[in-house]
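Please look over the sequence and the model shown below before reading on.

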Amino acid sequence: MTVCLLLLSVVAVTAAVPVPRGLTRAAWPEREPVVALWVWQCLVATVLLACVTALSLGAAAVFGTVRAQLFAPAPPAVTAAYDLSTAPPWAAALTLLLACGAAWTTAMLARELVEARRRRAQARAHLRERAPDLPAGLPAARGPLLVLEDEYPDAWWMPGSPPQLIVTTGALHRLTDHQLDAVLTHERGHARARHDWLLHLSTALATGFPRIPLFAHFCDQTHRLVELAADDTASRRCGHLTTALALIELNQHRGVLSCASSHRLLGERVDRLLEPPPRLGRRHRALTTTTAALVPLLPLLIAFAPGLTALS
């Protein structure tokens, strides 16, 4: 059991500190934002699984009730292989620390979801005030696309069930038909990929654990990569030049993307669209995604290794 806890701690620390710092310095995520998002999610899953499995083993070693429930269906040889009766003194402290971390993570996630629902309700109420007074009684406020009478050019996506696209008449007047199609495709890319869930998760973890490099980088990179991925969706449908011109026309008075979660300057985004970086080959993309998907299995293999050895 001691060896398992030490190995799980090593895996968690490695995935939480050096790996994300190296990933932020890499150039390939800008070329493959979807793959990069998957890699970041796998890293976060690895750390969370390592902590959960370490918490389970530590609680089983410290508390007899937990041990009886956790290993109830297991043969006696499996329980003996974990050697839970000789838990070191630091196992209790580690278990308490992990339990506090799990409770804090749950609280942060719940807080983020509650705040997101509150902000969404306020935004929808504000939209109803700004929406044109239609004879049918504002049914468009709940439809997939809402057009607001406003000289200020803007377009954004509001998560929900169903997600809603909002565009102002100022944007309709400034953008050409192809540019408007690119902007709406960009926002639909967010909706179809459910980027709002990734943003909520990354924000909650970064807020709850600001000093852990993985969660801080995960939040920053997620806000950046979801925009790159949506840009790629729009450029594949409407072309790189059309998408770049649409972003310039819609945001030249602001200097940043219209999405409030974006932290990347418009100039850098436009440069990427005008000069698309070389993309990874299919083999490299498949190898990267497969390798990343196998990384979260490490904590599970470490946790089940003693039991599998005993059964064999």
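With which residue does arginine 272 form a salt bridge, and how far apart are the closest N and O atoms? Arginine 272 pairs with aspartate 232, and the closest N and O atoms are 3.0 Å apart. A salt bridge here is a side-chain nitrogen of Lys or Arg within 4 Å of a carboxyl oxygen of Asp or Glu. The pair links distant parts of the chain, with arginine 272 in helix 13 (residues 266-274) and aspartate 232 in helix 11 (residues 213-238), 40 residues apart.

The model is predicted: local features need pLDDT of at least 70 and side-chain atom pairs count only at pLDDT 80 or more, while totals for chains, interfaces and linings use all residues. Residues are numbered from 1 along each chain as its sequence is written, and side-chain values use heavy atoms, leaving out hydrogens and water.

## The chain as a whole

The chain has 15 helices and 3 strands. Helices (H or I, at least four residues) and strands (E, at least two) are DSSP runs, numbered from the N terminus. Along its principal axes, the C-alpha trace spans about 75 × 45 × 30 Å. Of the 312 residues, 44% count as buried; buried means under 20% relative accessible area, exposed over 50%, and partly exposed in between, with a 1.4 Å probe and protein chains only. The accessible surface comes to about 16400 Å², and 64% of it belongs to carbon and sulfur atoms. Such areas come from the Shrake-Rupley method with a 1.4 Å probe, and for residues only the protein chains shown count as cover. Among contacts between residues at least 6 apart in sequence, 66% join residues at least 24 apart, where contact means heavy atoms within 4.5 Å.

## A network of salt bridges

Side chains of opposite charge can pair when their charged atoms come close.

| Salt bridge | Closest N to O distance |
|---|---|
| Arginine 272 and aspartate 232 | 3.0 Å |
| Glutamate 32 and arginine 285 | 3.1 Å |

Glutamate 32 lies in the loop between helix 3 (28-31) and helix 4 (33-62), and arginine 285 lies in helix 14 (residues 282-294), so this pair ties together parts that are 253 residues apart in sequence. Glutamate 32 is buried, with a relative accessible area of 2%, whereas arginine 285 is partly exposed at 26%.

Both arginine 272 and aspartate 232 are buried, the relative accessible area of aspartate 232 being 7%. Arginine 279 counts as partly exposed, at 44% relative accessibility, and is found in the loop between helix 13 and helix 14. Glu32, Asp232, Arg272, Arg279 and Arg285 are linked in a network of salt bridges.

Which residues does arginine 279 contact, leaving aside its neighbours within four places in sequence? They are Arg31, Glu32, Asp232 and Arg285. Arginine 279 and arginine 31 are 248 residues apart in sequence, yet their C-alpha atoms are 5.3 Å apart in space.

## How helices pack

Two packed helices are described by the angle between their axes and the distance between the axes. Axes are lines fitted to C-alpha atoms, for helices over the stretch in contact, and angles run from 0 to 180 degrees between N-to-C directions. Angles under 35 degrees count as roughly parallel, over 145 as roughly antiparallel, 65 to 115 as roughly perpendicular and the rest as oblique.

Helix 9 (residues 177-193) and helix 12 (residues 240-251) pack at about 90°, their axes 8 Å apart. Helix 9 is therefore roughly perpendicular to helix 12. On the helix 9 side, the contact is made by His178, Gln179, Ala182 and Val183; residues of helix 12 in the contact include Thr242, Leu245 and Leu250.

The axes of helix 4 and helix 15 (residues 297-311) cross at roughly 20° and come within 8 Å. Helix 4 is therefore roughly parallel to helix 15. Thr46, Leu49, Ala50 and Thr53 of helix 4 meet Pro299, Leu300 and Ala303 of helix 15.

## A backbone detail

Most residues other than glycine have a negative phi, and most peptide bonds are trans. Arginine 194 has a positive phi of about 55° although it is not a glycine. Arginine 194 is found in the loop between helix 9 and helix 10 (195-208) and is partly exposed, with a relative accessible area of 40%.
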